[in-house]
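Here are some notes for a colleague who is opening this structure for the first time. Please read them with the model on screen.

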Amino acid sequence: MSDHRLRLAVILGSIRDGRTGPTVANWFVGEAGHRDDILVDLVDLADVPIGSAAPTMTPPPQVLAALHELTPRLDAADAFVVVTPEYNRSYPAGLKNVIDWHNTQFHAKPVAFVSYGGISGGLRAVEHLRAVFTELHAVTTRDTVSFHNVWEQFDGDGNPKDAHRPAAAANILLDQVTWWARALKDARNTSPYQPLSTTR
């Protein structure tokens, strides 16, 4: 029997030592796992050794090997959720570099955001990422999940101290991103998306 579940790539954007990202991403993946309409692929960019190598036509061997593993996973996704911190009012450089190595993988697909940080909860990083994904012909969802003063929000087991509000926000986000994923997947199947121009 065929599996009609949507493929959701959850991209963990921080690669720093001592990062909080795995706690936030693992919690979100757990929330998404309660649903029977999606398959989740957690893409941890710390496992993708691209570093600061700029996109080129002839990548170094280690970058080429990383792309051979990463690019098909992004290509297979029907939708994306980016888990991002806020660094100096924006998003991580490693996340931007991975995005820059890709283009068509995001075309006519929805992207949602789970952010974390200090008082702003990472929302300034999200606003910058919206413009980036618009350039890649993606559709970003309105609602996000954000953790303000994130170091105060999780217990020692990696669970939010408030068990209800983050879960409710995650469910709203997942409802939106799956709605867009189905609509855009049907549209791509009916009429393949052809942007007027693309840049690399």
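1. On the source. This is a predicted model, and every value below is computed from it.

2. Neighbours of β3. Which strands pair with β3, and in what sense? β1 pairs with β3 in the parallel sense, over five bridges. β4 also pairs with β3 in the parallel sense, over six bridges. To locate these pairings on screen, take Leu8, whose bridge partner in β3 is Ala79, and Pro85, which stands opposite Tyr116 in β4.

3. The largest nonpolar core. This core has 29 residues. Those with the most contacts inside it are Ile11, Ile50, Phe80, Leu95, Phe106, Leu129 and Phe133. The elements that give two or more residues to this core are the strands β1 (6–12), β3 and β4 and the helices α2 (61–76), α3 and α4.

4. Ile11 and a second core. Leaving aside neighbours within four places in sequence, Ile11 is in contact with Val43, Leu45, Leu74, Leu95 and Phe106, and with Phe80, Val81, Val82 and Val83. There is also a second, separate core of 25 residues, which includes Trp27, Ala32, Val81 and Val145.

5. Aromatic pairs. How many aromatic pairs does the whole structure hold? A search finds seven. One of them is formed by Phe80 and Phe106, a tilted pair with 4.7 Å from centre to centre and 50° between the planes. Phe80 counts as buried because its relative accessible area is 0%, and Phe106 because its value is 2%.

6. A further tilted pair. Phe113 and Phe133 have ring centres 6.1 Å apart and planes at 50°. Phe113 lies in strand β4 and Phe133 in helix α4 (residues 123–135), so the pair ties together parts that are 20 residues apart in sequence. Are these two residues buried or exposed? Phe113 is buried, at 0% relative accessibility, and Phe133 is buried as well, at 1%.

7. Other ring arrangements. Trp27, Phe28, Phe147 and Phe154 form one aromatic cluster. Elsewhere, the charged end of Arg16 sits over the ring of Tyr87, 3.6 Å from the ring centre.

8. Thr141. Where is this residue found? Thr141 is in the loop between β5 (139–140) and β6 (145–147). Its relative accessible area is 1%, so Thr141 is buried. The side chain of Thr141 reaches the backbone oxygen of Asp143 at 3.2 Å. Not counting residues up to four places away in sequence, Thr141 touches Val111, Ala112, Arg130, Gln176, Val177 and Trp180.

Methods
Residues numbered from 1 in each chain as written. Predicted model: local features only at pLDDT ≥ 70, side-chain atom pairs only at ≥ 80, totals over all residues. Heavy atoms only, no water. Phe/Tyr/Trp six-rings, centres within 6.5 Å; stacked < 30°, edge-to-face > 60°. Buried < 20%, exposed > 50% of the residue type's maximum accessible area, 1.4 Å probe, protein only. Helix = DSSP H or I, 4+ residues; strand = E, 2+ residues; numbered from the N terminus. Lys NZ or Arg CZ within 6 Å of the ring centre and 35° of its normal. Core = buried A, V, L, I, M, F, W, Y, C linked by side-chain atoms within 4.5 Å. Contact = heavy atoms within 4.5 Å. Polar contact = N/O pair within 3.5 Å; in protein donor to acceptor, adjacent residues only side chain to side chain. Pairing = 2+ DSSP bridges.
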